[in-house]
Amino acid sequence: MNRPTPARPLPAPLLSSLLVLSALLGLTATAGCSPAPVPAPPPAASAPATTVGTPTDAAWVQLMTPMNEKAVALLALAAERATTPPLRAFAARLRSSQEAELDRLRPLLTRMGLPGTDVHAGHDMPGMVTEKDLAAARAAEGAAFDRLFLIQLRDHLRHSAQVSRSEITAGARADAKELAAALVTAREAALTELAGLPGAARALG
């Protein structure tokens with residue numbers, strides 16, 4: 001069974017720039033990904049109230065959407081299979097929260113004219129719950145499942161907060177930056193709660 005690894009530092013290319021923009025765009029570059037081209041502005045009569053998206057905005061929304069989708073799948077498993085009521089309740093609450101975020105992320109993709117497909121499929125992205133991770137979770141039981149869940153979720157929360165901070169700093173669209181700020185607040189609260197869950201201190205070291 002593939003065991004999750006602790007949160008990894010950002011890839012070296014991200015550390016080469018003082019601009020936080022690199023922290024976001026570098027995540028896609030190191031995995032061989034690139035955001036879909038951002039379409040030209042629509043005619044003035046139908047232009048959105050927010051700024052037309054930049055590559056930063058596109059990279060962020062195209063990363064955050066599949067990150068949430070994969071995390072929701074893991075949270076659904078944990079809501080049923082975690083060994084303690086506090087863990088199951090936490091997973092259920094966070095699943096609802098991240099599904100609500102998807103209800104905002106997916107329309108943002110549409111407004112930006114970006115595809116709804118996962119452009120990072122098959123890539124090893126920091127903080128992304130992979131199909132192998134989900135298979136490992138389905139095969140795990142008891143304390144082993146709890147540990148896998150806690151580590152994977154901690155990594156997801158940390159990295160999604162990190163790239164969302166980069167969007168706040170370097171993005172251009174008001175609606176994307178507003179959503180990124182909401183995600184950072186939610187991730188920080190979830191990480192604090194996660195640290196106090198039964199077994200978290202032992203599992204997370």
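Helices (H or I, at least four residues) and strands (E, at least two) are DSSP runs, numbered from the N terminus. This is a predicted model, in which local features need pLDDT of at least 70 and side-chain atom pairs count only at pLDDT 80 or more, while totals for chains, interfaces and linings use all residues. Residues are numbered from 1 along each chain as its sequence is written, and side-chain values use heavy atoms, with hydrogens and water left out.

**Figure 1. The whole protein chain.** The protein chain has eight helices and zero strands. Of its 205 residues, 45% are buried, where buried means under 20% relative accessible area, exposed over 50%, and partly exposed in between (1.4 Å probe, protein chains only). Contact means heavy atoms within 4.5 Å. Among contacts between residues at least 6 apart in sequence, 79% join residues at least 24 apart.

**Figure 2. The largest nonpolar core.** A nonpolar core is a set of buried Ala, Val, Leu, Ile, Met, Phe, Trp, Tyr and Cys residues joined through side-chain atoms within 4.5 Å. The largest one has 25 residues, and F145, F149, L150 and L153 have the most contacts inside it. Two or more residues each come from helix 3 (55-81), helix 4 (85-111), helix 5 (131-139), helix 6 (142-170), helix 7 (174-195) and helix 8 (200-204). Helix 6 gives the most, with six residues. A second, separate core has 20 residues, including M67, V72, L108 and V163. In soluble globular proteins, nonpolar side chains tend to be buried together.

**Figure 3. The surroundings of A78 and F149.** A78 lies in helix 3 and is buried, with a relative accessible area of 0%. Apart from neighbours within four places in sequence, A78 is in contact with R88, A91, F145 and F149. The C-alpha atoms of A78 and R138 are 9.7 Å apart, although 60 residues separate the two along the chain.

**Figure 4. Helix 3 against helix 5.** The axes of helix 3 and helix 5 come within 10 Å and cross at roughly 5°. Axes are lines fitted to C-alpha atoms, for helices over the stretch in contact, and angles run from 0 to 180 degrees between N-to-C directions. Angles under 35 degrees count as roughly parallel, over 145 as roughly antiparallel, 65 to 115 as roughly perpendicular and the rest as oblique. Helix 3 and helix 5 are therefore roughly parallel to each other. Helix 3 contributes K70, A73, L74, L77 and R81 to the contact, and helix 5 contributes E131, L134, A137 and R138.
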